[in-house]
Amino acid sequence: MTTELHHLAAAYALDALSPEEHQAFEAHYPTCEICSAEVADFRATAAELAAGTAREVPAGLKDRVMAEVSTTRQVSSIVPDRAVDLAERRNRNAPRSIVLAAAAAAIVVLGAIGAIRATRTSDFDQVAAAPDATTIQLAGATGTIEVIWSKERDQVALVGDGLADPGPGLVYQLWFLLGDDAGVAPAPTFSPEDGSIETVLDVEDIDGIGWGVTLEPEGGSDEPTGDVLYAGTA
């Protein structure tokens, strides 16, 4: 049950748990360094995005997000030693077939990342090589998104993999996180192809502290209308 509880940080921060799950996680997370950090991060990001005017969430969005959150744990970039030790013990005790399958999966993932990097466009490389480029990993329910942001160029190089299809009439949209309770500012939309995205987007000259991602109607929105799917700060 403890392992399952580790999957609930995002849903807890968004107040999307059942009463039983809420009670169990609330008793657990204050004693877990990883879960406590994740709850704080998700709450802070949700507060930034909620500064805009709330609108009706697209039909089925919450169910899709919660289905992913319930099965995927987002590990903090700062992992306590005891968590690393636990992972090592779990690997040592795992059946050989599971270990081999996990190794094969890791090779496939690394190969895919290598292929993506090998085919990056010159525009992408120019943003990544900009003197002021800042790389931000966005934590989310499924897959990965990395934003390389150059304020001098007013551009972001966006790369992601394992992303869910946004669904009919919907697109992913980037948001500047402004900080200091200033809310958010809209940025361009994007749509993955076969779960992957690699593109360069022009953005406004805004002094943000990070990025958030929601699902929005095609054409984008002036204020967030969907749940926070990915977020990260510099």
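Eight strands of the predicted model form an open sheet in the order 5-4-7-8-1-2-3-6, with antiparallel pairing. Strands are DSSP runs of E with at least two residues, helices are runs of H or I with at least four residues, and both are numbered from the N terminus; two strands pair if DSSP finds at least two bridges between them. The edges of the sheet are strand 5 (184-190) and strand 6 (197-202), each of which pairs on one side only. Neighbouring strands are turned by 25° against each other on average, direction ignored, where axes are lines fitted to C-alpha atoms, for helices over the stretch in contact, and angles run from 0 to 180 degrees between N-to-C directions. In total, the secondary structure of the chain comes to eight helices and eight strands.

Residues are numbered from 1 along each chain as its sequence is written. Because the model is predicted, local features need pLDDT of at least 70 and side-chain atom pairs count only at pLDDT 80 or more, whereas totals for chains, interfaces and linings use all residues; side-chain values use heavy atoms, and hydrogens and water are left out.

D154, in the loop between strand 2 (144-150) and strand 3, has a phi of about 55° although it is not a glycine. D154 is partly exposed, with a relative accessible area of 26% (buried means under 20%, exposed over 50%, partly exposed in between, with a 1.4 Å probe and protein chains only). D194 lies in the loop between strand 5 and strand 6 and likewise has a positive phi of about 55° without being a glycine. At 77% relative accessibility, D194 counts as exposed.

A search of the whole structure finds zero disulfides, a disulfide being a pair of cysteine sulfur atoms within 2.5 Å. C32 is in no disulfide, and the nearest cysteine sulfur, that of C35, is 3.6 Å away. The sulfur of C35 is therefore too far from that of C32 for a bond. Both cysteines are buried: C32 has a relative accessible area of 8%, and C35 has a value of 0%.

Of the 234 residues of the chain, 38% count as buried. The accessible surface comes to about 12800 Å², of which 52% belongs to carbon and sulfur atoms; areas come from the Shrake-Rupley method with a 1.4 Å probe, and for residues only the protein chains shown count as cover. Among contacts (heavy atoms within 4.5 Å) with a separation of 6 or more, 63% are between residues 24 or more positions apart.

The mean pLDDT of the chain is 75, and 67% of its residues reach 70 or more; pLDDT is the predictor's confidence in each residue, from 0 to 100. Values stay under 50 over residues 96-110, for which the model has two contacts beyond four places in sequence. Residues 115-120 also stay under 50, with seven such contacts.
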